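Dear colleague,

Please find below the structure that I am handing over to you. A summary of the findings follows it.

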Amino acid sequence: MQSAGSDWVGLNEDLMTCMRSAGLDGGHALENNVAVWKLVDFLNGNANSPPESTADDGPAQVSQGAVEEKLAPLEPTNLVLYGPPGTGKTFQVIEEAIALLAPEMLEGQPHRTSIKAKFDELVAAGQIVFTTFHQNFSYEDFVEGLRAETDAEGRLRYRVLGGVFKRLCGYEDAEPAERSSLPSAKPKAIEPGRYTVVLEAAATANLLWYLATALDRRSVDEGRSAFVGKVGSRVVNERFTLRSDPRSTPIFPFDAEDHRSRPARGLTRACSRS
Amino acid sequence: MLKELSVGRYWAKKQVIASTGAYDGYELAPGDTAPDALVKGIKRGVLITRLWYSNFIDAKTLSITALTRDGTFLIEDGVVTQPIKNFRINQSVLAAFDAADAVGNVSEVTRSSVWRVPSIRTHDFLLASPCDAI
């Protein structure tokens with residue numbers, strides 16, 4: 001197959017014809033198409049290359065193992081087992097979970113009790129959550145919701161509690177606002193002044209926005225910036241490295257100026273290699 | 001060291017230089033201090049969760065004003081002891097980063113899910129006046 005010719009539509013038509021003649025299911029045209037293009041990309045040596053590098057290295061020599069490794073993410077691990085009651089879905093799901101988390105357990109002819117013991121161990125460790133979707137199993141149980149609690153003095157309180165999905169994702173205690181809200185009902189006034197402060201990530205980001213906004217050439221050229229005459233010199237303490245890189249942060253491919261997003265180094269440690 | 005400034009389309013055309021576009025998705029590299037350890041060793045200080053109502057006071061010193069929100073706490077002898085009323089801050093952002101002596105080792109995703117920033121500890125931060133805002 002020729003790579004990246006100019007006639008993409010024609011090339012795509014050819015590809016679809018080949019797929020049909022190979023007996024691939026027309027009902028999954030999109031998935032098949034994406035998979036084939038990924039394969040073409042991979043064989044051309046472009047798989048996982050950063051957006052900056054568009055050089056065509058030509059067909060790469062790769063081992064079969066490497067191909068399987070690269071293609072592995074195309075195999076989804078979602079699985080639906082369906083069937084009438086009592087036909088072994090729950091039984092089977094234990095084995096499937098072990099196949100994902102501890103495949104070495106399934107080598108040879110392992111005894112059912114040892115598989116079940118490993119499953120229970122992973123449930124206890126919080127790596128597996130076994131849940132049944134009853135008719136009354138709600139969003140509040142699955143993601144998060146308010147839970148009524150009575151404290152030692154008999155007062156009713158509502159606490160935001162993570163559900164099974166949020167717990168599984170490790171996000172249950174991720175909300176600083178949730179930690180802060182209840183005890184902050186009765187704040188004490190302290191005297192103003194200069195303090196040593198700890199800025200949570202959100203507060204650091206609030207300050208950093210102003211710094212990032214000021215990293216602008218025009219305001220420097222016009223003499224109204226804190227960075228006049230500072231390019232190439234130290235502006236803050238050298239423990240900080242600020243950068244923007246579309247290859248590691250999920251930002252839009254085009255920015256507010258309709259420019260292709262690209263890496264920037266902002267400020268970096270004086271001794272760093274970048 | 002300050003390495004790079006962004007150049008918008010308008011200024012690039014006027015100065016006949018290359019434009020860079022407007023950067024977003026900033027990452028501030030995490031440091032090596034566990035977030036909880038940031039409060040250790042502070043005899044008397046303040047834990048600030050978030051800021052709002054912020055604006056420039058003086059661009060030449062990168063000074064801004066803002067109000068604290070979402071939980072502001074007193075730190076005494078290395079422990080967060082109690083919630084305190086919010087403050088208006090007046091502070092040079094450059095001075096705040098310059099005086100920082102510890103950076104958290106965990107980055108959180110903030111600002112419309114595209115910035116990754118750790119918590120920091122800094123000194124001589126001006127909590128200018130108390131404020132009744134919640």
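**Confidence of the model**

Chain A has a mean pLDDT of 74, with 69% of its residues at 70 or more. Please bear in mind that this is a predicted model. Among the elements of chain A, the lowest mean pLDDT, 46, belongs to helix H3 (residues 64–71), and the highest, 97, to S3(A). Two stretches of chain A should be read with this in mind. Residues 1–5 of chain A have a pLDDT below 50, and beyond near neighbours in sequence this stretch makes 4 contacts in the model. The pLDDT is also below 50 over residues 269–274 of chain A, a stretch with 8 contacts beyond near neighbours in sequence.

For chain B the average pLDDT is 90, and 98% of the residues score at least 70. Within chain B, confidence is lowest in S1(B), with a mean of 85, and highest in strand S5 (residues 86–92), with 96. For the model as a whole, the scores are ipTM 0.94 and pTM 0.57.

**The contact between the chains**

The contact draws on 72 residues from chain A and 77 residues from chain B. On the side of chain A that touches chain B, at least two residues each are supplied by helix H8 (176–181), strand S3 (193–199), helix H9 (201–214), helix H10 (217–221) and strand S4 (242–244). H9(A) provides the largest share of that side, 13 residues. By class, the residues of the side of chain A that touches chain B comprise 38 nonpolar, 19 polar and 15 charged.

Strand pairing also links the two chains: S4(A) pairs with strand S1 (residues 26–28) of chain B in the antiparallel sense, over 3 bridges. In this pairing, Ser244(A) stands opposite Tyr26(B) of S1(B).

**A helix pair within chain A**

Helix H4 (residues 89–101) and helix H5 (residues 112–124) of chain A pack with their axes 10 Å apart, at an angle of about 70°. H4(A) is therefore roughly perpendicular to H5(A). The crossing of H4(A) past H5(A) is left-handed.

Which residues of H4(A) and H5(A) meet? From H4(A) come Ile94(A), Glu95(A), Ala97(A), Ile98(A) and Leu101(A), and they meet Ile115(A), Lys116(A), Lys118(A), Phe119(A) and Leu122(A) in H5(A). The contact of H4(A) with H5(A) has 7 nonpolar and 3 charged residues, and no polar ones.

With kind regards

Note on methods. Residues are numbered from 1 along each chain as its sequence is written. Chains are lettered from A and ligands numbered from 1 in the order in which they are written. This is a predicted model: local features need pLDDT of at least 70, side-chain atom pairs count only at pLDDT 80 or more; totals for chains, interfaces and linings use all residues. Two residues are in contact if their C-beta atoms, placed from the backbone, lie within 7 Å. Helices (H or I, at least four residues) and strands (E, at least two) are DSSP runs, numbered from the N terminus. Ala, Val, Leu, Ile, Met, Phe, Trp, Tyr, Cys and Pro count as nonpolar, Asp, Glu, Lys and Arg as charged, and the others, Gly among them, as polar. Two strands pair if DSSP finds at least two bridges between them. Axes are lines fitted to C-alpha atoms, for helices over the stretch in contact, and angles run from 0 to 180 degrees between N-to-C directions. Angles under 35 degrees count as roughly parallel, over 145 as roughly antiparallel, 65 to 115 as roughly perpendicular and the rest as oblique. A crossing is left-handed if the near helix is turned anticlockwise from the far one by less than a right angle, and right-handed if clockwise. pLDDT is the predictor's confidence in each residue, from 0 to 100.
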